[in-house]
Amino acid sequence: MKAEYDFSHGKRGAITPKLPGQTRITLQLDEDVLAWFREQVHLTGGGDYQTLINEALRQHIQQRQESLEDTLRRVLREELKRVEQ
(Lines give C-alpha, C1' and ligand atoms only; values in the text may rest on other atoms or scores of the structure.)
Protein backbone atom coordinates (compact mmCIF):
# COMPACT_ATOMS: atom_id res chain seq x y z
CA MET A 1 0.00 0.00 0.00
CA LYS A 2 1.30 3.42 -0.93
CA ALA A 3 1.81 6.09 1.67
CA GLU A 4 0.05 8.62 -0.58
CA TYR A 5 -2.34 8.42 -3.55
CA ASP A 6 -2.95 10.97 -6.32
CA PHE A 7 -6.67 11.60 -6.84
CA SER A 8 -6.20 14.76 -8.90
CA HIS A 9 -7.59 13.00 -12.02
CA GLY A 10 -10.34 11.15 -10.18
CA LYS A 11 -13.99 11.58 -11.09
CA ARG A 12 -16.91 11.86 -8.70
CA GLY A 13 -20.19 10.09 -9.17
CA ALA A 14 -21.41 6.73 -10.35
CA ILE A 15 -18.94 4.30 -11.85
CA THR A 16 -21.35 3.04 -14.51
CA PRO A 17 -22.89 5.60 -16.85
CA LYS A 18 -26.67 5.92 -16.90
CA LEU A 19 -28.39 4.43 -19.91
CA PRO A 20 -30.50 6.59 -22.23
CA GLY A 21 -34.08 6.77 -21.02
CA GLN A 22 -33.20 5.79 -17.47
CA THR A 23 -32.87 7.87 -14.32
CA ARG A 24 -30.70 6.92 -11.38
CA ILE A 25 -32.55 7.14 -8.06
CA THR A 26 -32.16 5.93 -4.52
CA LEU A 27 -35.04 3.68 -3.56
CA GLN A 28 -35.63 2.03 -0.20
CA LEU A 29 -37.33 -1.36 -0.42
CA ASP A 30 -38.35 -3.74 2.33
CA GLU A 31 -35.76 -6.48 2.80
CA ASP A 32 -38.22 -9.28 2.03
CA VAL A 33 -39.30 -7.62 -1.23
CA LEU A 34 -35.72 -7.19 -2.43
CA ALA A 35 -34.85 -10.74 -1.33
CA TRP A 36 -37.77 -12.08 -3.40
CA PHE A 37 -36.61 -10.30 -6.55
CA ARG A 38 -33.02 -11.44 -6.03
CA GLU A 39 -34.21 -15.01 -5.49
CA GLN A 40 -36.24 -14.91 -8.72
CA VAL A 41 -33.14 -13.82 -10.64
CA HIS A 42 -31.11 -16.58 -8.98
CA LEU A 43 -33.73 -19.24 -9.82
CA THR A 44 -33.72 -18.23 -13.50
CA GLY A 45 -29.96 -18.58 -13.72
CA GLY A 46 -28.86 -14.99 -13.35
CA GLY A 47 -29.64 -11.56 -14.61
CA ASP A 48 -30.42 -8.25 -13.03
CA TYR A 49 -32.95 -7.90 -10.22
CA GLN A 50 -33.35 -4.20 -11.02
CA THR A 51 -34.61 -5.12 -14.49
CA LEU A 52 -37.06 -7.54 -12.90
CA ILE A 53 -38.34 -4.81 -10.57
CA ASN A 54 -38.70 -2.45 -13.54
CA GLU A 55 -40.71 -5.08 -15.45
CA ALA A 56 -42.97 -5.67 -12.44
CA LEU A 57 -43.64 -1.95 -12.16
CA ARG A 58 -44.39 -1.71 -15.90
CA GLN A 59 -46.87 -4.60 -15.67
CA HIS A 60 -48.58 -2.94 -12.73
CA ILE A 61 -48.89 0.35 -14.62
CA GLN A 62 -50.19 -1.42 -17.72
CA GLN A 63 -52.80 -3.33 -15.74
CA ARG A 64 -53.96 -0.17 -14.00
CA GLN A 65 -54.42 1.56 -17.35
CA GLU A 66 -56.16 -1.39 -19.00
CA SER A 67 -59.94 -1.35 -19.28
CA LEU A 68 -61.86 -4.22 -17.69
CA GLU A 69 -62.67 -5.59 -21.12
CA ASP A 70 -59.01 -5.58 -22.17
CA THR A 71 -57.99 -7.20 -18.88
CA LEU A 72 -60.54 -9.99 -19.33
CA ARG A 73 -59.44 -10.57 -22.92
CA ARG A 74 -55.77 -10.73 -21.89
CA VAL A 75 -56.45 -13.14 -19.01
CA LEU A 76 -58.59 -15.39 -21.20
CA ARG A 77 -55.87 -15.50 -23.90
CA GLU A 78 -53.24 -16.40 -21.29
CA GLU A 79 -55.42 -19.13 -19.79
CA LEU A 80 -56.32 -20.58 -23.19
CA LYS A 81 -52.62 -20.83 -24.06
CA ARG A 82 -52.02 -22.83 -20.86
CA VAL A 83 -54.89 -25.21 -21.67
CA GLU A 84 -53.68 -25.73 -25.24
CA GLN A 85 -50.15 -26.68 -24.16
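Analyst: Start with the burial terms: buried means under 20% relative accessible area, exposed means over 50%, and partly exposed is in between, using a 1.4 Å probe and protein chains only. This is a predicted model, so local features need pLDDT of at least 70, side-chain atom pairs count only at pLDDT 80 or more, and totals for chains, interfaces and linings use all residues. Residues are numbered from 1 along each chain as its sequence is written, and side-chain values use heavy atoms, with hydrogens and water left out.

User: Which residues of α1 are buried, and which are exposed?
Analyst: A quick word on names: helices are DSSP runs (H or I, at least four residues), numbered from the N terminus. In α1, the buried residues are Leu34, Phe37 and Val41. They sit on the same side of α1 because they cover an arc of only 65° around the axis, the arc being that of the directions from the helix axis to the C-beta atoms. An α-helix has 3.6 residues a turn, so residues three or four places apart point the same way. Over on the other side of α1, you'll find Glu31, Asp32, His42 and Leu43 exposed.

User: What do the buried residues of α1 pack against?
Analyst: Contact means heavy atoms within 4.5 Å. By that test, the buried residues of α1 pack against α2. Leucine 29, in the segment before α1, is in contact with Leu34 and Ile53, leaving aside neighbours within four places in sequence. At 36% relative accessibility, leucine 29 counts as partly exposed.

User: How far does α1 reach from its first C-alpha to its last?
Analyst: The expected span of a helix is 1.5 Å times one less than its number of residues. Helix α1 covers residues 31-43, which is 13 residues, and reaches 18 Å, close to the 18 Å expected. After α1 comes glycine 45, with a positive phi near 95°. Glutamate 39 belongs to helix α1 and is partly exposed at 38%; its C-alpha is separated by 8.6 Å from that of tyrosine 49, ten residues apart along the chain.

User: Is arginine 74 buried or exposed?
Analyst: Arginine 74 counts as buried, because its relative accessibility is 17%. Its place is in helix α3, residues 68-84. Not counting residues up to four places away in sequence, arginine 74 touches Gln63 and Glu66. Glutamate 66, in turn, is found in the loop between α2 and α3, is buried at 18%, and touches Thr71 and Arg74 under that sequence rule.

User: What lines the largest pocket?
Analyst: On a 1 Å grid over the protein atoms alone, a pocket is an open set of points where a 1.4 Å probe fits, with protein on both sides within 12 Å along at least five of seven lines; lining residues have an atom within 4 Å of a point. Here 21 residues line the largest pocket, with Gln22, Thr23, Arg24, Ile25 and Gln50 nearest its centre. Helix α2 (residues 49-65) gives the largest share of that lining, seven residues.

Technical notes. Helix = DSSP H or I, 4+ residues; strand = E, 2+ residues; numbered from the N terminus.
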